[in-house]
Structures are given as C-alpha cells and as structure tokens.
Amino acid sequence: MIEVENLVVRFGRGKAAITAVDNVSFTVQTGEAFGLVGESGCGKTTILRCLAGLNQEWEGIIRIDGKQLTPKRERSFYKLAQIVFQDPYGSLHPRFTVNGTLMEPIKIHGLDRADERIDRVLKQVGLGPAFRFRYPHQLSGGQRQRVAIARALILEPKLMLLDEPTSALDVSVQAEILNLLTDIRDSTGLTFLLVSHDLSVVSHMCDRLAVMNHGQIYEELTVDDLIARRYREAYTRQLFEASLGYDKRLTSAQVAKALDEAGA
Amino acid sequence: MTTAIEPAKKGLLAYLTAEVSHSPTQASLQRLYFGCRRFAENPLAMVGLGILVVLLLVAIFAPLIAPFPMNEQNLGRRLLPPSGDHFFGTDELGRDIFSRVVYGSRITLQITFLVAVIAAPVGLLVGTVSGYFGGWTDTILMRITDIFLSFPGLILALAFVAALGPGIRNAVIAIALTIWPPMARLARAETLTVRSSDYIAAIRAQGAPAWRIVVRHVMPMCLSSVIIRITLNMAGIILTAAALGFLGLGAQPPMPEWGAMLSTGRQYLLGSWFLAAAPGLAILVVSLGFNLFGDGLRDVLDPRDE
Amino acid sequence: MIKPLLEVEDLNVTFRTPHRMVRAVRDISFTVGKEKVGIVGESGSGKSATGRAILKLTPGNGIVTAKRMQFEELDLANASEQEMLKVRGKRIGMILQDPKFSLDPVMRVGDQISEALPPGLDRKEARERVLEVLAAVHIRNPERVYNLYPHECSGGMGQRVMIAMMLVPEPKLLIADEPTSALDVTVRMQVLAILDDLVSRRGLGLMFISHDLNLVATFCDRVLIMYAGRIVEECKASELRQAKHPYTQGLLASLPRIGERRKKLATLVRDPAWAY
C-alpha cells in the first residue's frame, strides 16, 4: 500500500537548514497496521504529513496503492488516504457543526446520498444522530476524536494515517478510541499507519513498527519481536524499558551521564 | 387567548434551548440565541445597544419626532436659547436645532452603515487572501495596505474628497478608504494564526481547493474580529465625517449633518453655546453607544476567560 | 509513628462559574510523610486543584475550605497570605509541568536560581551556591548552564533547572504537578531518577500529581487515586494490582501494555455511585 524510498525533508535554508527526515525508506503492506515510533522531533509526524499531501517540500519517492505521487496531489488522491490528527480540540472547525464538518468532504468531491453517508459514518464511530448538529465545544474530547475519525472515513479511503490519535485523551477514553479503531480495521480492512511515541499503544494496535530517531529509521521489527525483546538497537531497548515505567534500579549518576550525552 | 400564546412561546423557547438540534438551522439559531443571552448579561453593552436602538428609531421616525421642519428658517427667532418650544434653541438662521439634530441622525446612520458595508468586506477579503496565500500575493497586498495606512486618516479622507468633490457620497467613499486597511491588517493577523491550525490542515487533507478554504473556513474565523473592530471604529468614522463636515467637505448646507452644525456653532460659541453643544452631545452619545456595543460584542464573540 | 509532614483533612475546593458551582475537590483527607506519594486521576478529577489548594494558589473564583491542613507546625488552612509567602517556594516547593512556562524567559537561568537564595549573600557566595545546586541535579557543566536563557535549554535540562531552583531554599515538601509529562519518554526516566535521588538523600516529602498511572505506580511509594473530586483508592504502590475500587481496576484494565496481546481493551463503565 505504501512504498517510501529515500525520503528527505529539509526545513530552512543554508546553514540553518534542519534535516527533519533523513533518507527514510519503508514499506507498508495492504491491510497491515504499521507503527512509526519515536520521541518528539524524530520526524515521524513530518513523514505522515508528506504522505497525507500536507507537506509539499520533500524529495524521494512515495508510492501509495502502486501509484507514484508528486508533492502536489490531485483531488482523487484524497479519497485514497485520510488523516486523523492528534489534538481533538484543534482538529474540528469551531464554527462548523458535526454535520457541517462531515458535509464538507461530500461537497468537495461531489458525492451523492449525503444524509445516508453521514448517518452511516456516525454510526460507525458510535455516535448517534443526536450528535449531528452539535458544535465542537459541545462535545467531549473522546467525542471530538470520534468525529475526526468519522470525517476520515466518509470518503471511504483505503489508507488511514493516524497522528498520535489518543495522546491528548484521558486513559479511559483512549481505550474506547483504540477499540473503535480496531473495530473499524476489522470491518473495513483498512491499512493503518499509526504514529506515536507510546510503545504500548503501538504494540497493541500494530503488526509491525519502525523506530525513529533524529530523522532516521533505526530499526524495523514486528510487534511479536518487540514483545519478545528481539530488538537490535540500544535506542529501541531504551524506549522499551521506559514504556514499562520507572526503574528504581537506575542510579542517578548513570542517568546524568546518559542525559548529558544525549544533550538533554 | 393566553393559553394559545403560551404553548407557542414555550415551543419557541423549547426549540432554542433543546439539548439536541435536529437541523443546521436549529443549531445556528441556538447559537445565536445563547450569544444574545450572554450579551444581555452585560449591562454596559445593553446601554450601548439601547443608545443604538434609540438612534435607529429617531432616524426612522424623524418626521414624527421633530417638531419643526429641518430647514425652516425664521430670521425673527434667531439664536434663541433652549426653551419649551425649542428644546435645543434655534440657530443663526432661526432653524430649530432639536429638529436638525433629529434629522441629522439619518445622515449619521447612513454614513456609518455605508462605510461599514464597504470597508469591512474589502478589508476582510484583502486580509484573508494575503494571509492565506503568503508569498508575493501577501507582499504586494500588504504594501498597498501600508501605503493607505501611512497617511493619517483625516488627511487621506480630505485628499480624496478634495479630488472627488464634496458631498456625502464622496465623503463615505473617502472614509471607507481610510478604514479598510486596519481591517485588512487584522484579518491577515487572524488568518496567519488560523492557517496553521489542525482544522485547516484537515480540510486541506480532504482536497479542498484554496478558494473554498479561504471563504468557508478562514473568513468565518476572522469575521468576529473584523465586526468588533468596525463597531469600535464607528466612533472614529462619525468623528471623521463630522470633521469633514466641519471643514465643509462632507454634507453640504443646508443638510443638518452634525459635524457641519458643529462647525457653524463654533462661531457662536461664546454667546450661543447651544448651537455647538447640541450636535456635539449627539456625536458623543452615539460614539459612546457604538463603543459600549462593540465591547459587549467582543466579550460574546471573542471570550477571553473561558 | 513518625508525624507526617503534611496532614489534610476534609479538603474542599469549589469553583464559582457564572452558571453554577463546580465542586472540584470534595472532602478529601490524606497525609504525606518523608515519602513519595502519587496522586493519580484523569482530567477533572481534582488532582491539580488539590496541589494548588495546599499552597493557596487556587485561582480567584475558587473557595478552599478544610477541617485541617497542617504542614509541620503550621496551620495552612487558616494561614494569612503573609504567612503563606514564607512557605511557598521556601518550605514547600512546587514543580510544574512545562519549564517553558514557569521560567522567566528574559532572565538567565543562573540569575533566576539566585533569586531563590536567601537575601544577604554576596555575589560570589550566591554564584557558588547556584553552581552547587546545578551540580546536585547532575548538570555536567554548571558554569555554562548558569549563563543560558530558558529557551536555550532542552526540556530535560529545563526541568532539572526547575528542580534545582526549588531545592535551593531547602524545602521539606515538594509538590510536583505533572513534572515529566512534557518530556520525552527517555528523558523522563532520567529526570525522575534525579528527583528520586534528591528526595531520598535529603529526606523530603514528595507529592507527585500525574495522570500516568503506570509511572506513578513504579515511581512512588504510595498511590492515591482521585475520581470526581474524591479519593477512591489509597494503597502502597507495590500493591496497586490488588486495588479494590472498581474505578482503579477499570483504569488498570484499560491501559494497553506491551506483551499483553488483547484484541480489545477493557473500557471503563462509570458507575455514578463512584462520585459519592
């Protein structure tokens, strides 16, 4: 479904240029759930935005569903891949009702049977018709994220790009949204590309993952391998151990050394 | 018939406060209703609204309110101080000042309305297009805006009226030309903030063309700022119109434009203070009204401490 | 039985909004000794309001009442603002989430830390003390960091500067409100290790407020779980898995964990009875 070869993204010019994505290559099979894991600034979100067509300054090759893509996308592309953003409080237009938000893609692409589509997609995300004419400020974080997912589904894409879809949500709400995404995947066979800093979320949702740092992919492995600790890179181990919680055996001197080496 | 009216009233209130809306219209009306309720909680804002409503009513019913025709001269009754017959006294040509102030409200209302209706959309359009597209579009549009902004408002208005000729219509155009640049700047600033938000990224990711994003998604977010700013600028508009009238470049005699009346009243200030005081007071009260209303509007449309 | 540093009994925090009264914290009681106590809750549970109420930093529209709020020998519940000024930042320190917002952006780090020193020290002494405290948080190059501005510090370093600043007046109790939530996961562990070390070496009490149940369970000695303004569970961190309250159990069950290959996560079914 996704083939990325030698993707490079640079911000800024000349001496102040930052290479956000440094020669990254990976593949995602159709129907697979693939995770991109890393800490802030590693480039994972940048890659996602390049795939979604939001970032047009990249070099390299991106193929989605077999078709090679240019930085500027044709309208038909957007029916193929849709993106769900991290912050439910910022990703819905404050002046549009849920109905309005869901109508926009319908009108942009000239789809028919608007009411039917809207009702169907609201049901798919577990929101009843009562929510149809609410404004975002009348919805909770979890409900907003459901609307964001509904918006992504309404164009019936084959690929869902998810940018930390639950990191801004409470733990209990996160579980509901993750379950919803699992249901959707089961019923539609969509391909998922999930970006997150949380290894436990990625290991729950995905089949395979890539660990990123400083704009590069350090390691690619299956979730089964991750769980069995069959990783090769020290950084992957660091992330893995951090996700288990605090380790009382760490001495602060060891830690300080590691911190200063990392430039933190 | 109270039983017939009350259920209907309950029906409307129920419609507006229902937990669940069933149509886009209902959702919009609910928002409007709650906005008005919030506005009504602000006493000063309601005072401002009251002043504006009075202005509107006075303008509409001017012939009924004014005891004398606005241009009826009576040289035998010149410069009379305020009295029971002439609430604000008479001017140098024996015309009743109260009636002239009342009819003058129409001119004031006409000028402020026309200026707002011309300047706000132009400013909004220029600002949002400039802010959203950036690059050369932004540079060119903003430098044009800068050129207009670099002149003091009154001087610019004077220059235009001098070029176009005196009269209300040209005064309106001239003032509108001085008011649109700050609106454009404001709209551009809002657009720059809005442009980087996730909801704009989301609609871009759905394949929306640029014009649709600007008109349907960016402009609504800038609209409230522009509306508020224009209401707060109304006082300035009235004063600029008054200044133009004062200089003889706005409404021409014998039109009872408040600024023009203030101008003639100046000559008689020492002896007959009421010639200047009456229109001056009217300008003060209406400007205050717009300011209070604009402040209240800002608290409703742009709440800070939520 | 060693007397705890902080004793709170029946604390209530109510916020006045234009339309109704919001009870953020409802009749909670707890103690903090020379230990690490974690207060965990989701948004709206009242955990942050609790931390702020102890230092009387509740925003203007909040009303704080308590049967008892005793810190060492001081009665905080009835303390005046004057008395609180001697406590805040001096005897009770507070570490907030994002150093970007708590550090003055136009002052150098070293100068800011010096502000926390007691008055009367000359410049040389003051600088020595600041460098000492920067070294205590394991900053390798204290001289260099002394001259940095906050925006030139990374997240982890900024947070360590915050901790240093809070430790200068040698407080007895630290209240930390999501101190590591804004940090990257690897840096987080490292900053916590430093905090752990300092707290145990100096015998301080630590109130660790967070939404991250797993983190608190592994870092703290005791855990308090808050829901809708009440404390619904209190137990030793090591015994968290045996928690009795259904909310805690639900929360634990709904966390995704590496290694557990569950298809679906258990979702929390909120019982309105928990709010009572």
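Of the two pairs of chains that are in contact, chains A and C share the most contacts. Because the model is predicted, local features need pLDDT of at least 70 and side-chain atom pairs count only at pLDDT 80 or more, whereas totals for chains, interfaces and linings use all residues. Residues are numbered from 1 along each chain as its sequence is written, and chains are lettered from A in the order in which they are written.

The contact of chain A with chain B takes 26 residues from chain A and 22 residues from chain B. On the chain A side, β6 (81–84) and α2 (98–108) each supply at least two residues, helices (H or I, at least four residues) and strands (E, at least two) being DSSP runs numbered from the N terminus. The most is given by α2(A), with five residues. This side comprises 12 nonpolar, nine polar and five charged residues, where Ala, Val, Leu, Ile, Met, Phe, Trp, Tyr, Cys and Pro count as nonpolar, Asp, Glu, Lys and Arg as charged, and the others, Gly among them, as polar.

Within chain B, helix α5 (residues 97–133) packs against helix α12 (residues 274–301) at an angle of about 35°, with the axes 10 Å apart; axes are lines fitted to C-alpha atoms, for helices over the stretch in contact, and angles run from 0 to 180 degrees between N-to-C directions. Residues B:Ile97, B:Val101, B:Gly104 and B:Thr108 of α5(B) meet residues of α12(B) including B:Phe274, B:Ala278 and B:Val286.

Definitions and conventions
Contact = placed C-beta atoms within 7 Å.
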